[in-house]
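User: I'd like to go through this structure with you. Can we keep it brisk?
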Amino acid sequence: PRKNIISALNSTDTIVEPEITFDQQKKTSIRLLNCKSVEVKDSTFSGLESETGSALAVSYTDIDPSEKGEYELTITNSKFFDCKADMNAGAISIWNAPNAVIRDSQFLNNQAVAGSGGAIFSQCPNDNCSFTITNSHFRGNYGKVAGGALRWKDEEPTINFDSISLEGNQAFFGNNIAGIPARVLPTKKDQDFANDVDEKVVKEENIVSSRLLATTSEVVLENVQSGATVDDDFLFALVDKYGQV
């Protein structure tokens, strides 16, 4: 079975020192649970393979809300490339992080072979998380299901799109970043929408607004009596906040 190179539980300070390189390991390099003040800086993770989070898997459970500020995960000026996960999180898995920051880092050619989040998979089931990405580069990452670069669930990370670059990432849903379904949109039943589906994005001009009003939770037919026939044909697209089908 695959084992971890470094494991820590309830540690106060966990620091990956500069110049450390993890490569060509059939295991998760670092797996941390409920650790305070985690800092990864000036490090390289390459060619790692694991079931999930091949380079770094960080999880937080049963954190006292009053102690939220004591838990920090910071990844700075580090490189993650050619890492592969059997399921989710080709390079990094972040679960329920109270305070997480990734900055000045590179994610190149990582893969979630049968899952989501080619480079990063983030999930926050308790809705009490903070995750920020800035000044980072994502290129050539792949997620089979969703999020070639990043897949997030429950709570959206804060992403400074002006300072990050996304190129050549691929996934069935959300080549770069995939969130959760946010809206049901009525769309035109014509070739324009077929093209939208091919491109996996619903363009604003193909959203029907005259008789159908779409919100995040409901679709309302106006001026139609119960039992009446609606002559128009409609298609509905379930999209995320980025307009991706």
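User: Is Cys-35 buried or exposed?
Analyst: Cys-35 counts as buried because its relative accessibility is 1%. Buried means under 20% relative accessible area, exposed means over 50%, and partly exposed lies in between, with a 1.4 Å probe and protein chains only. One caution: this is a predicted model, where local features need pLDDT of at least 70, side-chain atom pairs count only at pLDDT 80 or more, and totals for chains, interfaces and linings use all residues. Residues are numbered from 1 along each chain as its sequence is written, and side-chain values use heavy atoms, with hydrogens and water left out.

User: And Cys-83, buried or exposed?
Analyst: Buried, because the relative accessible area of Cys-83 is 1%.

User: How many disulfides turn up in the whole structure?
Analyst: The search finds 1 disulfide. The term means a pair of cysteine sulfur atoms within 2.5 Å. Cys-124 and Cys-129 form the link, with their sulfur atoms 2.0 Å apart.

User: What is the handedness of the link of Cys-124 and Cys-129?
Analyst: Right-handed, with 95° about the S-S bond. Cys-124 and Cys-129 are both buried.

User: Switching to the fold. How many helices and strands are in the protein chain?
Analyst: There are 1 helix and 28 strands. These are DSSP runs numbered from the N terminus: helices are H or I with at least four residues, strands are E with at least two. The protein chain has 245 residues, and 41% of them count as buried.

User: What share of the contacts join residues at least 24 apart?
Analyst: 75%, among contacts between residues at least 6 apart in sequence. Contact means heavy atoms within 4.5 Å.

User: Which residues of the largest nonpolar core touch the most other members?
Analyst: Leu-56, Leu-73, Ile-92, Ile-102, Phe-107 and Ile-120, out of 34 residues in that core. Among the strands that each supply at least two residues of this core are E4 (30–33), E8 (56–59), E9 (73–76) and E12 (92–95). A nonpolar core is a set of buried Ala, Val, Leu, Ile, Met, Phe, Trp, Tyr and Cys residues joined through side-chain atoms within 4.5 Å.

User: What does Leu-73 touch, not counting residues up to four places away in sequence?
Analyst: Val-38, Leu-56, Val-58, Tyr-60, Ile-94, Asn-99, Ala-100 and Val-101.

User: Next, cavities. Which residues line the largest cavity?
Analyst: Ile-133, Phe-138, Ala-149, Leu-150, Ile-159, Ile-164, Leu-166 and Ile-177. The lining divides into 8 nonpolar, no polar and no charged residues. About 40 Å³ of space lies inside. A cavity is a set of points on a 1 Å grid over the protein atoms alone where a 1.4 Å probe fits but cannot get out, and lining residues have an atom within 4 Å of a point.

User: Where is Val-145 found?
Analyst: In strand E19, residues 142–146. Val-145 counts as partly exposed because its relative accessibility is 41%. Its C-alpha atom is 5.1 Å from that of Ser-116, 29 residues apart along the chain. Leaving aside neighbours within four places in sequence, Val-145 is in contact with Ala-114, Gly-115, Ser-116, Phe-172 and Phe-173.

User: Last topic, backbone. What is phi of Ala-89?
Analyst: Near 65°, a positive value in a residue other than glycine. Most residues other than glycine have a negative phi. Ala-89 sits in the loop between strand E11 (84–85) and E12, and counts as buried because its relative accessibility is 0%.

User: And where is Asn-135?
Analyst: In the loop between E17 and strand E18 (137–139). Phi of Asn-135 is also positive, near 50°. At 41% relative accessibility, Asn-135 counts as partly exposed.

How values were computed: 1 Å grid on protein atoms, 1.4 Å probe; cavity = no way out; pocket = protein on both sides within 12 Å on 5 of 7 lines; lining within 4 Å. Points joined across faces, edges and corners; volume = space filled by probe spheres on them. Nonpolar A, V, L, I, M, F, W, Y, C, P; charged D, E, K, R; others polar.
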